[in-house]
Amino acid sequence: MKLQSFTVLLAITAANATKINPLHIKRQATASSSVSTATSATVAASSVSSSSGTSATSSSTTGISTGTATAVGAPASATWGTSYPPLSQISSGMPSEVTQAVTTTYTAGASPTYYSGADPLPTPFVFNAADWPAQDKLPDTSSSEVQEWMEELDGWDIPDLSPTVDGTCVSDPANVANASARGWWTCGGYTRDTDITVCPGKPMTWGTSFDDGPAFYTTKLLHFLNEQNIKATFFDVGSRCIENPNVLIDEYMSGHEIAVHTWSHPHLTTLTTEQIVAELGWTRKAIKTILGVTPTTMRPPYGDIDDRVRAISLAMGMVPIIWTRTPSGVSFDTFDWEIPGGVVTSEASFSQFEGILGNASTLEDGFIVLEHDLYEQTVDMAIGYTLPAALNHNPPFTLEPIGQCNGIPYTNMYVESNLNTSFPIANGTSDGGIDTDGDGTGDAKSKNSTSSASTSSNGGFTQHTSLSIFAMPLLATLAALVVAL
C-alpha cells in the first residue's frame, strides 16, 4: 500500500472543534417539487460584448441550446425585472421574475484571459439523456464510469465509517456521540487540517460563494457581480450544469471560480463510498465536458462531511471547502435557503447576516459565508441586501472568491492549469492523469503531471488559521514519498 494513505490519515486525525447544530432542509428536493419538463427558457436581451476580449454572440438563452432536460424552478411571470423587491416582499409566495440572459455567449475555442494556461472552451454541450444519470437522483454505482472512478481510491485508507442515518443530529445519537472521532462537521462543527473554512490572515475579507446552481436566476446575480466587479466561487450541482450549461460557462468565463457540489445534493455522510464517488465523479465530468476544466475543490451539501467523505474527496483530487464557524459556535450561514420554503422570513435571514458581519469584524481571519443562487429569493437577497451591506459597511469588507482569499492562484483551481506539483496527486491512470470521463484514460492532466513532486512548493494551497490548517506541505511530503516508492 502506498505511504500516501497512512500520511493522509495522519493529516485528518487532529480535529479543531466548535459546537453548533443547525437544522437543514433538502434544498434541491424542495426545488424539485416544482419541476417542469422544458427546453431552454428563451429571454430577450441585447448582445453584451466580452470583457475578456474573446468572441461573443447575442445572448438568447440561460439553458441548453439543444436537447431536453428537466428544468428546476422555471420562471412563470414578470414582476421586478432587473431590480429587486423590498425586503418584506422576498418570500416563498412572491411572484416569479423574468430571467435575464447570460452576460455573454461564448463560442467554442474561446479562452478565459484572467489566468494563464487556460484551455479553450470545448465543443458546445449537447444534452443526451442516455449519457447522464437521472437528474437530482443518486447515480447508479454499477456504471462503468463509477467503477473506473473507484480506482482513484486505490492506495488510500478510506476510513471504515458506517453511513449516518440521515445526515442530521437528532436522528443519529450513536454517531453524534462519536462525532469528534469521525470528524463529523454537521454535529459539532469538527474540522480537519485539510478543510478550508476561512480566509487566513485577511481580516475584513469575505470569501464570497454561492451554492446549488447554475440556475435560472444565476444570470441576474452574474450581472450584478459584473457591475460591481466582484468575483465569487460557485459550487455547482451536476444536475444543474447539464441543464444550464451556458450559465456555467458565463460563471467561468466571467472570472468566477468553479467547484464541485455533487450531482443530486445529498447528505454525503449518509451514502456508501461508491455513491459518494458517483456524486463527485458525475459532477466533475459535467463541468469538464462543458468547460474543459476539472475543479480541484468541492463543498459537501449542508456541510455534511466526515473523515470518510474527506478522504474520498482528496483521493479524487478535490479539497473540501466549508463555511466559517467561530470558536463560540456561530455559523456563517445566512439561512437564505430557508426563505423559499417559508421556514424563515427575509427579515430574519438578513438579521442573521448582519450578525455575521458583526462577528466577522472581530475575527483575525477573513470568513466564508453560505449563500445560494438556486432561487430567485436567494439571488434577490444577495444583490439587494447582503452584498451591498458588506460593501457599504464602515469599514467596508473586501469580497474575494475563496481560492483567491486563501492565496490559491486561479491556475491551481483546475487540474489542467495547475502549477502545484504536490496536489492533486495523480492516482487513477497509468498515464498520470485524472479519469474524469470514466473511460479508463487520464483526460485531465496537470501541467506538472510529469514533474517530480519532491521538488515542489505548496503551490498556493496553504491555509494557516486558528480554525483550520490546510496542510498542503504535508501532502507535498506525501507526494515525495510516493515518488520515492
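## Helix α9

Helices (H or I, at least four residues) and strands (E, at least two) are DSSP runs numbered from the N terminus.

This is a predicted model, where local features need pLDDT of at least 70, side-chain atom pairs count only at pLDDT 80 or more, and totals for chains, interfaces and linings use all residues. Residues are numbered from 1 along each chain as its sequence is written, and side-chain values use heavy atoms, leaving out hydrogens and water.

Most of α9 is covered, with 16 of its 19 residues buried (under 20% relative accessible area, 1.4 Å probe, protein chains only).

## Nonpolar cores

The largest nonpolar core holds 97 residues, and Leu221, Leu225, Tyr252, Leu291, Phe367 and Leu387 have the most contacts inside it. Helix α9 gives the most to this core: nine residues. A core here is a set of buried Ala, Val, Leu, Ile, Met, Phe, Trp, Tyr and Cys residues joined through side-chain atoms within 4.5 Å. A second, separate core has five residues, including Cys169 and Trp184.

## Strands β7 and β8

Strand β7 (residues 233-236) runs parallel to β8, joined by four bridges; pairing takes at least two DSSP bridges. Phe235 has Ala259 in β8 as its bridge partner. Strand β8 (residues 257-260) is covered on both faces, with Glu257 and Ala259 buried on one side and Ile258 and Val260 buried on the other.

Technical notes:
Buried < 20%, exposed > 50% of the residue type's maximum accessible area, 1.4 Å probe, protein only.
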